[in-house]
Amino acid sequence: MNPRNYKAVDWQARYNELANSTENKLLKHFYAGAYNQDKAAVKDVPFVAMDFETTGLNSQNDDIVSVGLVPFSLKRIYCKHSRHWVVQPRRNLHEESILIHGITHSEVDDAPDFNQIIEPLLEALSGKVVVVHYAAIERHFLNNALLLRLKEGIEFALVDTMEIEKRALKARQGLLGRVFNTKLGSLRLTDCRARYSLPAYQNHNALTDALATAELLQAQLSHHYRVDTPISELWG
Amino acid sequence: MQAEQVEIAQFLAQHPPFDDLPQKALNELAQQVEVAYFRAKTDILSFGQDISDLYVIRSGSVEMYRRNGELYNRLATAGIFGQMGLLMNRKVRFPATALEDTLVYCINVELFNRYCDEFDAFADYFETDGNVRLHQAIVEQADGNDLTTAKVKSLIHRDVVTVDATSTIQDIAKLMTEEAVSSVLVTDVNKPINDDPEEDDGQVVGIITDRDLRSKVVAKGLAFNTQAKDIMSTNLVLLDANDYIFEAVLAMLRDNLHHLPVVQKKRPIGVISLSDILRYESQSSLLLVRGILAQQTIEDLAHYARQLPNVFVRMVNEDANSHMVGTAMAVIGRTFKQRLLVLAEEKFGPPPVPYCFIALGSMARDEQLIVTDQDNALILDDSYDDEKHNEYFQNISDFVCDGLAQCGYTYCDGEIMASFKKWRKTRSEWFDQFADWIAQPKPQALLNSSIFFDLDGVWGKTKWANELKIFIAKQSKANRIFLANMAANARNRTPPLGFFKGFVMEHNGQHKRSMNLKRRGTAPLSDVIRVHALAIGSRKQNSFERLEDIIEAKLLPQGKAQDLRDALEYIAMMRIRHQAWQIEKGEEPDNNLDPHLLSPFEQRNLKEAFAILEKAQSYLKFSYTANSGVK
């Protein structure tokens, strides 16, 4: 994984800097209210799982078509506060991504521009630690979407369930495994979930994947971490 | 904007009871659930913790346990648990543990109750899940409780010690000292051995206890070479090894015995003593009973009686069933009376003629709760001379009734107390009185006297009370006119079913929003059961024991007596829990329950129990008519 996407950061200091340096009112508000308790135990941390569906994998050329959010804690996932937006991409939907997401052209035609969801999206993320499966997508797509519209990007702390899985698999692989470079095992969301006996989901919209990610983190934490592990060990 | 949880909705749609919900309701449910993950071998619910969700297993498996650690149920994908806790008092009844890694959906109780209200099929699923839930709720209550589930045999820790009928008492005293026992069983080698192993009684003919050596030997100055057979008690009160411990408690208190032989089939396998039970259940109501016996004045007794509410609440919290609570409260009430009579006899001297103090109504039925008034009377020896003896019995009756009032047993509104001269009758007068009630029933007279048909001897010549019970049972059995009158009276107090139809309340002033669980629930149920019991000549007084006799006599259509039992247990427990709750809140306990405080589940169960009462009352109408007899 690209270390730029996931590395240890002093988020408390970084959010302070960002809040002071940004020119944008929405972002200033977001940074000022960002969850920055780096010593907090995971059992006390408010999380929000986030997933984007996009027109492709390149954050420079492709666009977000839907956003799913599911807030949760170590104990419970709160479906009733979950959010789902379908938004208008600048470019035509590729046929292949229609197949994956099940979002049709007519649905997208009726959808608002991403512009209109920036404020509610930042509001929903505010004060919570964002959880994604594979940090690069959500981090870069959101950064680019804001850069395009607010002329300023966004930085935020992320817990990456893929990264956590990789660490767990490496720990299991052991020294000999690393020396002989045995295969780690798949890091796809569905395969990670299967290791914790989590059910395979049929749907792959942004909301279901966000739910799937939230469940995966609950499972990972209960298998590999103590409830009082500080969040700074997990976020990047 | 609410986000649609397709994956959750699709899962729920495939499994009962959610598969019957309309799509819109299903989607809403899916949006409202909370999800939780439990690693294998971790606890999901612990006993007694607050519970506010229904749990649906999305994947994995869960085991549920009884309080004694026994496996109650094992559930897999789509299994549902937690409803019992939601139903009873929002406390976890069965601890649940994840057997494998498990993902559960949690449905909040408010939402769950709303769905039960809105969708009949959804509610029915929980009603008929497994067995009829009312019955299940009751069975479950009994399971949690040690005293009602533990058997007498669990108290036997050593072999029985026996002596021959010709042993000398000195040898016996030595043996008892060596063996460190406080009783021995006496065997007679000459007693014929029965060929049938079922009838083998081990040739046991009597029992000798420490107390016998004191009162029958030392006090009377008998020679040390007196033989066992000359001092043993032959009137053995036996316990079956499978009897429950609380039955042993009852037998001991009733007959004032401290040692009871325990038999398997008929062969003695041990003796259990009062101290065995005390060791076993040191927190029990028995301690209170012992304490009562130690009090020396009415003031001390009244002070001591203040502990009663705590004992009551503790029993409820320990999941005692209504029979157990009722029995314990009745035993305690009986002990207060006995102690007061001892104090009365100390104050006014020994009785000039023999007498028997009798308890009536709920105490005689062992169905007394914390809020109760005193109903009692006296049976006097036929040699009673009104001019000479009335003052004495007036004195002791006043002493006892006033003392009871000070201990919290309020005076009887209907003036049915020994302190009223009309309820102090000689044996012959009582027989005449019952004969008159039974042979020439007058509805109004019977209405006021139905309480006398539940009677129990408390003090003095208690066998006179038993003679009266036998007389009543024989006279009333199949006496059509009498039974028809009793049946008519038993239909007077109707269940508050109207309440459930549109939440219509009885307009009785202060308690307008509430229903009286005693007057319109347990009391009319006891009335109905009494009529059936009298019809078959049962000598039992307790409603549950009467139902046993009624079932055995096959008097009622299949299952009806069991329905009555469940209904009585449910309403009685509702009443008991209501009172315990009031005591814990520091309120004065009463019988008036505001059903708005109940969950829809409890409301439905209560309604079901009342419906059973209503049906049973109309059954009485057709079964006991003056000109066609029973059935």
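**A predicted two-chain complex, from confidence to local geometry**

In this predicted model, chain B averages a pLDDT of 84, and 89% of its residues score at least 70. Here pLDDT is the predictor's confidence in each residue, from 0 to 100. Over residues 129-145 of chain B the pLDDT is below 50, yet this stretch has 33 contacts in the model beyond near neighbours in sequence. Two residues are in contact if their C-beta atoms, placed from the backbone, lie within 7 Å. Residues 502-511 of chain B also stay under 50 in pLDDT, and the model has nine contacts for them beyond four places in sequence. For the complex, the predictor gives an ipTM of 0.86 and a pTM of 0.48.

Two conventions apply throughout. Residues are numbered from 1 along each chain as its sequence is written, while chains are lettered from A and ligands numbered from 1 in the order in which they are written. Because this is a predicted model, local features need pLDDT of at least 70 and side-chain atom pairs count only at pLDDT 80 or more, while totals for chains, interfaces and linings use all residues.

Now the interface. Chain B contributes 20 residues to the contact and chain A contributes 23 residues. On the side of chain B that touches chain A, the elements giving two or more residues are α1 (6-13), α2 (23-32), β1 (34-38) and β3 (53-59) of chain B. Helices (H or I, at least four residues) and strands (E, at least two) are DSSP runs, numbered from the N terminus. β1(B) gives the most to this side, with four residues. By class, the side of chain B that touches chain A holds nine nonpolar, five polar and six charged residues. In this scheme Ala, Val, Leu, Ile, Met, Phe, Trp, Tyr, Cys and Pro count as nonpolar; Asp, Glu, Lys and Arg are charged; the others, Gly among them, are polar.

Two bridges join it to strand β3 (residues 77-78) of chain A, and the strands run antiparallel. Two strands pair if DSSP finds at least two bridges between them. E34(B) in β1(B) is the bridge partner of Y78(A).

Chain A itself comes to nine helices and six strands. Of its 236 residues, 40% count as buried. A residue is buried if 20 or more other C-beta atoms lie within 10 Å of its own, exposed if 12 or fewer, and partly exposed in between, with C-beta atoms placed from the backbone. Among contacts in chain A between residues at least 6 apart in sequence, 71% join residues at least 24 apart.

Turn next to a sheet in chain B. It is open, has three strands in the order β9-β10-β11, and its pairing is mixed. β9 (162-164) and β11 (204-209) of chain B stand at the edges with a single partner strand each, so one side of each lacks a neighbour in the sheet. Neighbouring strands of this sheet are turned by 35° against each other on average, direction ignored. Strand β10 (residues 183-187) of chain B runs antiparallel to β11(B), joined by five bridges. One bridge partner pair is L185(B) with I207(B) in β11(B). Helix α8 (residues 169-179) of chain B packs on the sheet and touches β9, β10 and β11 of chain B; its direction makes about 130° with that of β10(B). Axes are lines fitted to C-alpha atoms, for helices over the stretch in contact, and angles run from 0 to 180 degrees between N-to-C directions.

The largest nonpolar core has 126 residues, and I358(B) and V531(B) have the most contacts inside it. Such a core is a set of buried Ala, Val, Leu, Ile, Met, Phe, Trp, Tyr and Cys residues joined through C-beta atoms within 7 Å. Helix α16 (residues 322-348) of chain B gives the most to this core, with twelve residues. Apart from this core lies another, of 104 residues, including F52(A), I77(A), I107(B) and F126(B).

Last, some local geometry. Most residues other than glycine have a negative phi, and most peptide bonds are trans. P16(B) and P17(B) are joined by a cis peptide bond, with omega about 0°. P17(B) lies in the loop between α1 and α2 of chain B. A78(B) is not a glycine, but has a positive phi of about 75°. A78(B) sits in the loop between β5 (71-75) and β6 (80-81) of chain B. K554(B), also not a glycine, has a positive phi of about 50°. K554(B) counts as exposed because it has 10 C-beta neighbours inside 10 Å.
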